[in-house]
Every structure is written in structure tokens, then in C-alpha cells.
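Subject: Structure handover and findings

Dear colleague,

Please find below the structure that I am handing over to you. My notes on it follow directly after.

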Amino acid sequence: KLARDVYLTMDQYWGQQTQVFAKIALSEEDHTSTVDYLLEKFDVEDPVINDTIGVFTNEELQALYNELVAQGKTSFINALYVGALIEEKDMRDILAAINQTDERPIILAYSNLLDGSKSHLQAFVSVIEDQGLTYEAQILDPEEVELILEDESSLDDDDDHDDEDKDED
């Protein structure tokens, strides 16, 4: 929800310059559905009480949303870096979650979410590099990010990523 909400908000500010936020927000909606399925399957109460964009019951998530949106509003480049930061954080968190379970359905779902985050990071970095900049890892090890960015298995042939991640999840 955090990623989706930030991307939808960034699309309001920067959507005229790129479709990357709108496209990835749609994919994040699919990711939310995957998590909803797992919550239901394992009889866990959904912590999302209010699905309104930018509204979180968890104070830490609310503060993070506010911080990321404020950062992303300052410039197009900052917004792209916010997107890449979210994806790096997602990958770190997903890997930690995989290591905390031995439930095969959860591991499979998390693995698919991890693949989606890799693809999203590639999409954000592609737009950053289109601006003449070189992306550097923000959370993950630089070597790990380099391997993700060099992995062409999740890249489309479409340079502007308009179809990025539609069939991912």
C-alpha cells in the first residue's frame, strides 16, 4: 500500500514526464492482492483498515509516506530516486520475510513480489539514466543492485517501460 500510494501521488506531480509511476502503481495493486490472498489463506487480520491514498493506521508508515512524498515533490529526479528507494527497501524486507517462514505458498508469493520489485527498480533506474544520471544503490549492497540492473530476464524490449510488469504478478 505504501508503494502504491506514493507512486499514485508521484504520478499526479510527474505523470506528464513519465508513465513509470502510473504503470508501477498498477503493479503494486496486484502485489496488494497477493498479500490479501495470503492474509486470508493464513487467517491473519488485514492491517489496512482504510485504503484511502496516503492514509495509514501505522504511524511509522504514515511518517514514511509523508517523508517520501515531500521528497518526491521537490523534483522529478528526486521522485524517481524515491521510487528506486522504495523498491530497494521492498527487496530487503521481502528477503527478510522469506527467511522467517517455511510455508511454501508464502515463499512463492514473496519470490514473485521480489521479482516485481527487481523489475520496478530496473524501470526507475532506466528513467533516471535517461536523464543522464548514474544510479547508485541507496539501501542494498552496490554489487547486489548492479546484478539486479544487469539482469535482463525481467526487462521488456520496450525502452520506455510502458508495458513494464503488466504480466509480472
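In which helix is Q62 found? Q62 is found in helix α3. Please bear in mind throughout that this is a predicted model.

The side chain of Q62 reaches the backbone oxygen of G54, at 3.0 Å. Leaving aside residues up to four places away in sequence, Q62 touches G54, V55 and F56.

I turn next to the packing of the helices.

Helix α1 and α3

Helix α1 spans residues 2-14 and helix α3 spans residues 59-73; their axes come within 10 Å and cross at roughly 25°. Since angles under 35 degrees count as roughly parallel, α1 and α3 are therefore roughly parallel to each other. The crossing in which α1 passes α3 is right-handed. On the α1 side, the contact is made by L2, D5, V6, T9, M10, Y13 and W14, and on the α3 side by L61, L64, Y65, L68, V69, G72 and K73. Sorted by class, this contact of α1 with α3 has 10 nonpolar, two polar and two charged residues.

Helix α1 and α4

The axes of α1 and α4 come within 11 Å and cross at roughly 165°. With angles over 145 degrees counted as roughly antiparallel, that makes α1 roughly antiparallel to α4. The crossing of these two helices, α1 and α4, is left-handed. From α1, the residues making the contact are A3, V6, Y7, M10 and W14; from α4, they are F76, A79, V82, G83, I86, E87 and D90. In terms of class, the contact of α1 with α4 has nine nonpolar, one polar and two charged residues.

Helix α3 and α4

For α3 and α4, the axes come within 7 Å and cross at roughly 145°. L64, L68, Q71 and G72 of α3 make the contact with N78, A79, V82, L85, I86 and K89 of α4. By class, the contact of α3 with α4 has six nonpolar, three polar and one charged residues.

Aromatic pairs

How many aromatic pairs does the structure hold? The structure holds six aromatic pairs. One of them is formed by W14 and F76: the ring centres are 6.0 Å apart and the planes lie at 50°, so the pair is tilted. W14 lies in helix α1, while F76 lies in helix α4, which covers residues 76-98; the pair therefore ties together parts that are 62 residues apart in sequence. W14 and F76 are also among the residues that make the contact between α1 and α4, and W14 is one of the α1 residues in the contact with α3.

Yours sincerely

Key: Residues numbered from 1 in each chain as written. Predicted model: local features only at pLDDT ≥ 70, side-chain atom pairs only at ≥ 80, totals over all residues. Heavy atoms only, no water. Axes fitted to C-alpha atoms, helices over the stretch in contact; angles between N-to-C directions. Helix = DSSP H or I, 4+ residues; strand = E, 2+ residues; numbered from the N terminus. Parallel < 35°, antiparallel > 145°, perpendicular 65-115°, else oblique. Left-handed = near helix turned anticlockwise from the far one by under 90°. Contact = heavy atoms within 4.5 Å. Nonpolar A, V, L, I, M, F, W, Y, C, P; charged D, E, K, R; others polar. Polar contact = N/O pair within 3.5 Å; in protein donor to acceptor, adjacent residues only side chain to side chain. Phe/Tyr/Trp six-rings, centres within 6.5 Å; stacked < 30°, edge-to-face > 60°.
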